[in-house]
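These are my notes from a reading of one structure. I kept to what could be looked up in it.

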Amino acid sequence: MNDQSRSAGTAQPLLTVSGVTLQYKTPNHIVTATYRVDFDVHAGDRFILLGPSGCGKSTLLKAVGGYLAPTEGQIRLKGQLIREPGPDRMMVFQEFDQLLPWKTVLQNVVFALESSGRRKGKEARDRAMHYIDKVNLTKFADSYPHTLSGGMKQRVAIARGMAMEPDILLMDEPFAALDALTRRKMQDELLALWADTKFTVLFVTHSIPEAIKIGNRILLLSPHPGQVKAELNGGAKDAAFAALEKRIQQMLFADEIEEAENV
Amino acid sequence: MSETSLASPIGAERPEILIDRAAATSMPVVERPLSAAEWIYDQTWLRKAAILIALALAWEAYGRYLNNELLFPTFTATARAFWDGVVSGVIPARAWTSFKVLIAGYAIGILIAAILTTLAIASRIGTDFLEVLTSMFNPLPAIALLPLALIWFGLGSGSIIFVLVHSVTWAVALNTHSGFLAVSKTLKMVGRNYGLRGLRYVGSILIPAAFPSILTGLKIGWAFAWRTLIAAELVFGVSSGSGGLGWFIFENKNQLDIPTVFAGLLTVILIGLFVENFVFRTIENRTIAQWGMQS
């Protein structure tokens, strides 16, 4: 099935994850987070890593970010092996404390551009303002992060990630800590931003509706350790949405339901 | 799951309640300015000033009651001695002498603490080194090193600076290091995401993120240094012709000029208050208070 999907894609994939096993140490154990995971992300993809907690999806994203080296397999971005974190793969985290609290919104974005050497001086400022404008925070450009709401902080983080114009934007459950209403609004805004600039994003979530709504391609992972269960197409609407949601639910929880029935 | 289990617990359907707020009339006051008395009581500096005045009054009353200038001079006598000392230029000169030594010791202490903590975050052996050193030397009172310092550096500001450095370094290093350790994982990952490495990473991510702890360390270090300095000067201070404030206090005690001794102590307190309430408070307001990082 993997070979088929690979030959189906005509263009060279942007990100190739092949046979990646990830392990991390706790004080007493070595935990295998994912086992021999394969997938390809193409330019312009909204690629979702979906799975229940414990399926290693966040660990996988951190490995793509370069924070963690695979014990087996390879991760390549544009053919280059990923060895360490870098500004070509910008992370957007779930935590609200990802903005530097000692810098204003504008300074946060400018600092990212300048310290990574992407842009300097006025150019950095202009680009930062352009993306702050895109996430509708122009009025708050000179505010400090602690004066913003959770949703606004996440929008700044997204603006910062986009301003860097990375090869791929890595989002680690960026809306999970938001209330339901804000979350829905942020999902719509993210899709609007994507329609505008067609950036590539690798998005981690544990919410099935969010995955279907945001992703054009969804990778399903099973837990303990994370293994690929399926790679599906997202973006379904209305009846197809409900059908896909049900299908994913069945795939993810099939084992559990069987167990429950046996009791 | 059956539908009935979600129905109303009292069985019968209850009516919904809708209230038309436009029709509502009397309400308590939504917002009103504070009265003058409430406003005055809310001013921290006014409350503190009132406490200071009360203390001065109690001091004056006890001094008059005791009526013994050799044991406990009155507040007015102390104030007069202080004023005379300031006008004649003796107290400012002595304070300046102390201050120069203090700043030198403080600066060197911070520098050493900075080097130690940078080594500590760079490697595990550096961390162990800092932890061993701080646990050894932090409990050792700086003043206990003075006799040794006198042998090594002689009778002069060198010895005092040595004990000052000792008193500052460990407090600053300990707080800075624990501040670095407490920097959130997310912020550290953000810094590395920008491609920051080495000293640039320490300077632009770790130091600002740990600034609340660093500032606490600087404050504690300052207080330690100030106390150590006065104590060291009490032991000796005549080296360079004119000693500092500690020597000023000691000298006047020998002459039984107790109001001037009190004036010397008052100067020590005033400088401490000034640094705490103006210098550090200003830094705090411009940094961690503005950044919302004050705990």
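**Sheets of chain A**

I began with strand 1 (residues 15-25) and strand 4 (residues 72-77) of chain A, which pair in the antiparallel sense over five bridges. For pairing I required that DSSP find at least two bridges between two strands. Strands (E, at least two residues) and helices (H or I, at least four) are DSSP runs, numbered from the N terminus. At one point T21(A) stands opposite E72(A) in strand 4 of chain A.

The model is predicted: local features need pLDDT of at least 70 and side-chain atom pairs count only at pLDDT 80 or more, while totals for chains, interfaces and linings use all residues. Residues are numbered from 1 along each chain as its sequence is written, and chains are lettered from A and ligands numbered from 1 in the order in which they are written.

Next I looked up the sheet order. Four strands of chain A make an open sheet in the order 2-1-4-5, with antiparallel pairing. Strand 2 (30-41) and strand 5 (80-81) of chain A each have a single partner strand, so they stand at the edges with one side lacking a neighbour in the sheet.

I then noted that helix 2 (residues 57-65) of chain A lies across strand 1, strand 2 and strand 4 of chain A, at about 115° to strand 1 of chain A. Axes are lines fitted to C-alpha atoms, for helices over the stretch in contact, and angles run from 0 to 180 degrees between N-to-C directions.

**Strand 9 of chain A**

Is strand 9 (residues 217-222) of chain A mostly covered or open? Five of its six residues are buried, that is, 20 or more other C-beta atoms lie within 10 Å of their own; 12 or fewer would be exposed, and in between partly exposed, with C-beta atoms placed from the backbone.

Strand 9 of chain A pairs in the parallel sense with strand 3 (residues 46-50) of chain A over four bridges, and L49(A) has L219(A) as its bridge partner. Strand 10 (residues 227-233) of chain A runs antiparallel to strand 9 of chain A, joined by six bridges; S222(A) is bridged to Q227(A) there. Strands 9 and 10 of chain A form a hairpin with four residues between them, and H224(A) in the turn has a positive phi of about 55°.

**Core and chain contact**

I looked up the largest nonpolar core, which has 126 residues. Such a core is a set of buried Ala, Val, Leu, Ile, Met, Phe, Trp, Tyr and Cys residues joined through C-beta atoms within 7 Å. V109(A), A159(A), L202(A), L219(A) and L164(B) touch the most other members. Helix 7 (residues 157-182) of chain B gives the largest share, 13 residues.

Between the chains, the contact takes 17 residues from chain A and 16 residues from chain B, where contact means C-beta atoms, placed from the backbone, within 7 Å. On the side of chain A, strand 6 (89-92) and helix 3 (105-115) give two or more residues.

**Helices of chain B**

Helix 3 (residues 75-88) and helix 4 (residues 90-122) of chain B pack at about 75°, with axes 4 Å apart. G85(B), V86(B) and S88(B) of helix 3 meet V90(B), I91(B) and P92(B) of helix 4.

Last, L133(B) is in helix 5 (residues 124-137) of chain B. L133(B) counts as partly exposed because it has 16 C-beta neighbours inside 10 Å.

How values were computed:
Contact = placed C-beta atoms within 7 Å.
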